[in-house]
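Here is a quick walk through one chain, from the overall layout down to a few side chains. Have the viewer open as you read.

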Amino acid sequence: MYALVTGASQGIGLEYARRLASFYKYDLLLVSNQEKELAQVAGELGKEHGVKAVPLYMDLTDSDAAGRLFAYCTSNSIEVEVLINNAGVFFYNDLTETAERRIDLMLDLHVRTLTKMCRIFGADMKKRGHGYILNMSSMSAWMALPGISTYNATKSYILNLSRSLWYELHPYGVSVTAVCPGAVDTGLYGLSPNLRKLAVAIKVSIPPADLVRIALKKMFKGKKQIMPGAVNHIFLPLIKHLPDFVVFKAAAKISKFQK
């Protein structure tokens with residue numbers, strides 16, 4: 001049986017691949033649009049953990065990416081028991097100031113391709129009567145914040161799609177889990193190394209390995225949704241009910257920092 005991980009060449013995706021190979025002993029199908037890095041990661045994971053690690057270079061924003069990926073699995077006798085929809089992008093900018101191509105990129109990756117992946121691979125798992133799907137959402141799925149409107153909206157879509165799919169597929173032995181972390185210690189947000197270390201030290205940000213360990217454990221237990229990090233459960237109700245003037249001030253400071 002294989003675990004398929006998208007965005008597997010670095011960051012959280014790489015941690016998912018590493019954990020699935022080292023602890024759960026799954027063979028891997030690793031998908032990314034970083035061809036050189038992906039080949040290196042597959043070689044290292046396969047050798048280190050004694051599993052098959054197949055690298056597949058693919059742009060998941062292509063309209064037919066999900067179908068081509070499933071066809072690749074079928075033609076190569078790769079039966080996917082675990083699907084990790086991890087690939088994603090992040091940018092901070094007001095919607096009206098964002099280039100249309102960047103909006104399309106996020107919508108294609110977070111909404112269209114992810115939905116098709118769930119449909120195609122979910123149907124195959126349903127037929128077999130067993131399988132796991134993990135979709136990376138975000139704590140921001142519950143928030144309305146300026147500068148990340150498209151990101152928030154797509155992560156909210158992922159959360160609600162996953163919850164609905166859990167009900168649709170659970171009776172057939174297939175579990176769907178939405179993972180909703182707060183800040184994760186990766187290069188996604190463009191922070192300096194010092195700020196990243198500080199964020200981890202004060203528990204505002206979580207290391208990718210810790211996130212992945214918790215997420216996979218809960219996924220295999222069939223949880224519908226999880227939000228790793230106790231501090232996030234404290235912050236979320238507060239952030240959701242911030243007065244408008246506080247949101248505007250925070251957005252102005254973040255915008256200045258981004259520039």
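## The chain overall

Of the chain's 259 residues, 46% count as buried, where buried is under 20% relative accessible area, exposed is over 50% and partly exposed is in between, using a 1.4 Å probe on protein chains only. This is a predicted model, with local features needing pLDDT of at least 70 and side-chain atom pairs counting only at pLDDT 80 or more, while totals for chains, interfaces and linings use all residues. Residues are numbered from 1 along each chain as its sequence is written, and side-chain values use heavy atoms, with hydrogens and water left out.

The chain has nine helices and nine strands; these are DSSP runs numbered from the N terminus, helices being H or I with at least four residues and strands E with at least two. Among contacts with a separation of 6 or more, 71% come from residues 24 or more positions apart, contact meaning heavy atoms within 4.5 Å.

## Helix 4

Helix 4 covers residues 100–128, and its 29 residues should span 42 Å at 1.5 Å a residue; the end C-alpha atoms are 40 Å apart, which agrees. That expected span is 1.5 Å times one less than the number of residues.

Look for a kink of about 40 degrees centred on Asp108; the bend is the angle between axes fitted to the seven residues ending there and the seven starting there. Just past the helix, Gly129 has a positive phi of about 85 degrees.

## The serine loop

Ser138 sits in the loop between strand 5 (131–136) and helix 5 (149–169), and Ser140 lies in the loop between strand 5 and helix 5 too. Ser138 counts as buried because its relative accessibility is 7%; Ser140 also counts as buried, at 7%.

The side chains of Ser138 and Ser140 make a polar contact of 2.9 Å, and Ser140 makes another with the side chain of Asn152, at 3.2 Å. (A polar contact pairs N or O atoms within 3.5 Å; within protein, one must be able to donate a hydrogen and the other to accept it, and residues adjacent in sequence count only if both atoms are side-chain atoms.) Leaving out residues up to four places away in sequence, Ser138 touches Tyr151, Lys155, Val179, Cys180 and Pro181. With neighbours within four places set aside, Ser140 is in contact with Tyr151, Asn152 and Lys155.
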